[in-house]
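Here are my notes, for you to read with the structure open. I start with an aromatic pair and then go on to salt bridges and the core.

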Amino acid sequence: MRYYFNVIDGQVEISDPEGADLPDAQAAQKEAFALASELRAEFPGQFQHHSVLEVTSEAGHRIFALPIATPSGAEGK
């Protein structure tokens, strides 16, 4: 199944046009955690508490959303 990883930051949405073929939702969740970590590292301090990485199915259904922002007090750890 193809999963899409979209960044939603307030009123701004950055859609994933390509997505990734993954075997199941568990694999998509693992990929989402890795991507969120990469985004935090590449853009430190850029994401607010409401910023999420939304994972959708090829049918456009939301599978889950993962917060992107670094938890308070976790900067520099």
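**Notes on the side chains**

1. F47 is buried, at a relative accessible area of 17% (buried is under 20%, exposed over 50%, partly exposed in between, with a 1.4 Å probe and protein chains only). F43 is partly exposed, at 37%.

2. Bear in mind that this is a predicted model: local features need pLDDT of at least 70, side-chain atom pairs count only at pLDDT 80 or more, and totals for chains, interfaces and linings use all residues. Residues are numbered from 1 along each chain as its sequence is written, and side-chain values use heavy atoms, without hydrogens and water.

3. Searching the whole structure turns up 1 aromatic pair. The ring centres of F43 and F47 are 6.5 Å apart and the planes sit at 90 degrees, so this is an edge-to-face pair (Phe, Tyr and Trp rings, the six-membered one for Trp, pair with centres within 6.5 Å; planes under 30 degrees apart are stacked, over 60 edge-to-face, the rest tilted).

4. There are 2 salt bridges (a Lys or Arg side-chain nitrogen within 4 Å of an Asp or Glu carboxyl oxygen). In one, D21 meets R2, with the closest N and O atoms 2.9 Å apart. D21 is exposed, at 54%, while R2 is partly exposed, at 24%. R62 pairs with E54 at 3.2 Å, and E54 is buried, at 12%.

5. A32 is worth a look: leaving aside neighbours within four places in sequence, A32 is in contact with F5, L53, V55, F64 and L66 (contact is heavy atoms within 4.5 Å).
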